[in-house]
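Dear colleague,

Here is the structure that I promised to hand over, with my notes on it below. Please keep it open beside this email while you read.

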Amino acid sequence: MSENNEFTFENPQYRKTYWHTCSHVMAQAVKRLYPEVKLAIGPSIDNGFYYDFDAPFNFTQENLDAIEAEMRKICKEKLKLERFELPREEAIKYMQEKDEPYKVELINDLPADAHISFYTQGEFTDLCAGPHLDSTGRIKGNAIKLTQCCSAYWRGDSKRKMLQRIYAVAFPKKEELDQYLAEQAEALKRDHNKLGRDLEYFTTVDCIGQGLPILLPKGARVIQLLQRWVEDVEQAHGYLLTKTPLMAKRELYKISGHWDHYKQNMYTTVIDDEDFAIKPMNCPGGMLMFKRKRYSYRDLPVRMAELGTVHRHELSGALHGLMRVRCFTQDDAHIFMTPDQMKDEIKNVVKLFDEVYSVFGLSYTIELSTMPEDHIGTVEQWEHNQDILKEAITELGKPFTINEGDGAFYGPKLDFHLADSLGRTWQCGTIQLDSQLPERFELEYIGADGEKHRPIMIHRVVLGSIERFIGVITEHFAGAFPTWLAPEQVRVMPMTDRNIPCSQEVVNQLTAAGFRVTMDDRN
């Protein structure tokens, strides 16, 4: 980071610090206007900031306008932000005297050796680790916008109290805010949740459940077209098509580690006095697919692909249209290889991604996610596999960023974030390098030395969730899909009733030629 942009929004850390300070300004404004409101938390996020409040009333647009106006005043006051620390007991007493129970709970949950710090600006003080700007005067008051108020459980726990969350955004210049709001207005027009329903791609029904969309005939056709196309592309790249059952015994997921590391996201049941789970991913079945046959090193790599429907227990508050659902289809693949094939196979997958994404005009950025706290395998295995991923994409000339501690529990991964026509990014493709599941499933191949060896494997999705990808490209193309993917390619419209027989003949001829045709014969 050069000195020239250290204190600009080009620097992600400065942007985060700016928005974090704005969240304190929002909390101060709320406390000035409504002293009875209790403070929860207020972090910066990827596209702005928010603060959670416990208020004895519902915030209206009139309230939000008043808070925004008060925030502008606080910025003009140029209040200095000053940090101080207190011992745990004094910190608890300090927040008890301010009648802030949520802050007291947060302090009680801090580690024993934590530094408990506060930031003061004018009459307002908040529990916070920082960092912050040095003055509220650094914030451009007329470039702040409160964008939304919604419900949010305290600490994301559905068993805890429901709070009110105010989202907002701010920029150093009014022109930047105006541009952002214009982009948001355009994004709203392209919202796949609205377009998808208006175009009759999908719907939801209460008696089926949240996160379980119904694909209507047009949406089902798009899914079918996309799946067939992906299968053809995969077969051209040497993948074998497979299919595994929708559910399996607990035993399978105990072997894979999902029962111990992922059960909270799985749907389980009991059949014939045995525990079963609906599959949350296709990987364990892929292991068994390889295990059923004896392979030589000459047979590797083996590439197996499955368009498999999976179910995951996502939190209800995170569900949205087709973007976040509980039932979806993944274009999964598992590649089994020798250690010396790892780098080439990673490169081959990236080239496949390039081929697929270019069809839709989507560019991407790459993020390398490293070892999480909850992981299996040795540190040495993780570091080796992380290095292989780095070397492969570096040799391809692909830049990447590091996402510390966000790998899968069995291995590091490359996540591909697609950029749409509005510049927004969506995580779709992933390449996960895994030495652990082949070990747990005791997979083997016969090496050149005639001995048994353990393969390495890649978990890979290109589109990710097919449903989510349709949501992404619906917004990317504003509902106007490329002709090859459009569920309706031609519409025949007779001008009068006497043209209907001729129009029907046109429909028949086009349909016979392989086009997807409808006729609108309304008067």
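How are H3 and H4 oriented to each other, roughly parallel or roughly antiparallel? H3 and H4 are roughly antiparallel to each other, where angles under 35 degrees count as roughly parallel, over 145 as roughly antiparallel, 65 to 115 as roughly perpendicular and the rest as oblique. Their axes come within 8 Å and cross at roughly 165°, the axes being lines fitted to C-alpha atoms, for helices over the stretch in contact, with angles that run from 0 to 180 degrees between N-to-C directions.

Before going on, please note that this is a predicted model, in which local features need pLDDT of at least 70 and side-chain atom pairs count only at pLDDT 80 or more, while totals for chains, interfaces and linings use all residues. Residues are numbered from 1 along each chain as its sequence is written, and side-chain values use heavy atoms, with hydrogens and water left out.

The whole chain

The protein chain has 15 helices and 26 strands, which are DSSP runs numbered from the N terminus (helices are H or I, at least four residues; strands are E, at least two). Its C-alpha trace spans about 80 × 70 × 55 Å along the principal axes. Of the 523 residues in the protein chain, 49% count as buried (under 20% relative accessible area, with exposed meaning over 50% and partly exposed in between, for a 1.4 Å probe and protein chains only). Among the contacts in the protein chain with a separation of 6 or more, 70% are between residues 24 or more positions apart, a contact meaning heavy atoms within 4.5 Å.

H3 and H4

The crossing of H3 and H4 is left-handed (the near helix is turned anticlockwise from the far one by less than a right angle; if clockwise, the crossing is right-handed). On the H3 side the contact is made by Arg88, Ala91, Ile92, Met95 and Gln96, and on the H4 side by Lys103, Val104, Ile107 and Asn108. By class, this contact of H3 with H4 has 5 nonpolar, 2 polar and 2 charged residues, where Ala, Val, Leu, Ile, Met, Phe, Trp, Tyr, Cys and Pro count as nonpolar, Asp, Glu, Lys and Arg as charged, and the others, Gly among them, as polar.

Within H4 (residues 101–108), Tyr102, Lys103, Val104, Leu106 and Ile107 are buried, and their cover includes helix H3 (88–97) together with strands such as S3 (48–54) and S8 (162–170).

H1 and H2

The axes of helix H1 (residues 12–33) and helix H2 (residues 61–77) come within 8 Å and cross at roughly 115°, which makes H1 roughly perpendicular to H2. The crossing is right-handed, and the residues that meet there include Cys22 and Val25 in H1 and Ala66 and Ile67 in H2. The contact of H1 with H2 divides into 11 nonpolar, 1 polar and 3 charged residues.

Helix H2 also holds Asn63, which is buried with a relative accessible area of 12%. Leaving aside residues up to four places away in sequence, Asn63 touches Tyr34, Phe57 and Asn58.

H11 and H12

Helix H11 (residues 342–359) packs against helix H12 (residues 379–395) at an angle of about 50°, with the axes 9 Å apart, and that makes H11 oblique to H12. The crossing of H11 and H12 is right-handed.
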